Amino acid sequence: MIDLLEYALALAAHRNFVRAAKQLGISQPTLTRGIQELEEQFGTKLFDRTPRGVFPTAIGEIVISRARRISRCVDDLKKEVRSFESLEKALLKVGVGPLVAQTWMPDAVVALLARYPSIEIHVSTYEWWDLIPQLIGQHIELAVGELGEDLERQGEIAFIPLPHRPLAFFCRKGHPLTRLKNPTIEQIGQYPMASTKLPLRAAEDFGGTRTLGKLAQNGMYFEPQISCQTFDVCLRIIKNTDNIGIAPIAQLARIDTNAGFSVIPFDASSLRTNYGIMHLRDRSLSPSAKVFVEHALATEKAYFDSTNSDHPKMT
């Protein structure tokens, strides 16, 4: 139909089949058949053929007027698609977990904007168990956060795993735990923890230490005694109380040595990140999402490689 309307526009402009066909790059018989088909579809005559030329009928004028508007809309759509594909103008919605939002994610956005300054990016923070519903509901195109234990059984989600990064407990300087050379989880567990809500696997190592926190009633996560989504809030609480915290070693390494915090020497299987970049398996990623994934992978690596993450600066 759109091609036939373009035929009608050309014919109305040139009032001549030969000149209109030449403009369209088709043969005159093809144009004639196209106009006849368009008239059949509308069930009425659209052009009068006269010795002086070809002129739209009254109904033809109405069709031509609407066809011009349709043609402009199609042109605008083509421009929008081209700009979308070239990343000149695109909207990308990304959901991230709290820890990702407060570590390397801002750097990934900065790197992407440095290369594609016109991209519009919406980054929203969710609890990690809310990321999958946001993806399935198509409220976001990408999710970056904890890979749940049952993720592989959810066939609708595809993911790119990120490297496991070490985490560490930490506390204020002068905390009773700093006087212990190698504290046990039982000794650490005598003190409340201030942190974001932790994955269920944390309960494997911390579940018996009720002062640290407890398994949530819905069984989906480990809830610290003091739950806070932002790292700065956790730091202020930990610095002024006997609460302890947990964070990536690379993040702790960025804290000034004079800030008043110490890493607690303890290791456990759950003291590792288990993150990935997730998207719907049956939906092709947009061009902006593809380049974002590239920048995210590079930025995540740079964030953790830029510090000696096995040996944080704080003492």
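Visitor: Leaving aside its neighbours within four places in sequence, which residues is Thr57 in contact with?

Guide: First, the ground rules. This is a predicted model, where local features need pLDDT of at least 70 and side-chain atom pairs count only at pLDDT 80 or more, while totals for chains, interfaces and linings use all residues. Residues are numbered from 1 along each chain as its sequence is written, and side-chain values use heavy atoms, with hydrogens and water left out. Contact means heavy atoms within 4.5 Å. Beyond those sequence neighbours, Thr57 touches Lys45, Leu46, Phe47 and Asp48.

Visitor: Where is the place of Thr57?

Guide: Helices (H or I, at least four residues) and strands (E, at least two) are DSSP runs, numbered from the N terminus. Thr57 sits in the loop between strand S2 (53-56) and helix H4 (58-85).

Visitor: Does Thr57 count as buried or exposed, and why?

Guide: Buried means under 20% relative accessible area, exposed over 50%, and partly exposed in between (1.4 Å probe, protein chains only). Thr57 has 13% relative accessibility, so it counts as buried. Its side chain also has a polar atom 3.0 Å from the backbone oxygen of Lys45.

Visitor: Now the sheets. What is the order of the open sheet that contains S9?

Guide: Strands of a sheet pair through backbone hydrogen bonds, either parallel or antiparallel. Two strands pair if DSSP finds at least two bridges between them. Here the order is S9-S11-S10, three strands with antiparallel pairing. Strand S9 (198-199) and strand S10 (213-215) are at the edges, each with a single partner strand, so one side of each has no neighbour in the sheet.

Visitor: How many bridges pair S10 and strand S11?

Guide: Three, in the antiparallel sense; S11 covers residues 221-224. Leu215 stands opposite Phe222 in S11.

Visitor: Which strands pair in the parallel sense with strand S3?

Guide: Strand S3 (residues 91-96) pairs with strand S4 (residues 120-125) over six bridges, in the parallel sense. Lys93 has His122 in S4 as its bridge partner. Strand S5 (residues 142-146) also runs parallel to S3, joined by three bridges. There, Val94 has Leu142 as its bridge partner.

Visitor: What is the order of the open sheet with S7?

Guide: S13-S7-S14, three strands with antiparallel pairing. Strand S13 (245-248) and strand S14 (261-264) are the edge strands, each pairing on one side only. Strand S7 (residues 167-172) and S14 pair over four bridges. Phe169 stands opposite Ile264 in S14.

Conventions: Polar contact = N/O pair within 3.5 Å; in protein donor to acceptor, adjacent residues only side chain to side chain.
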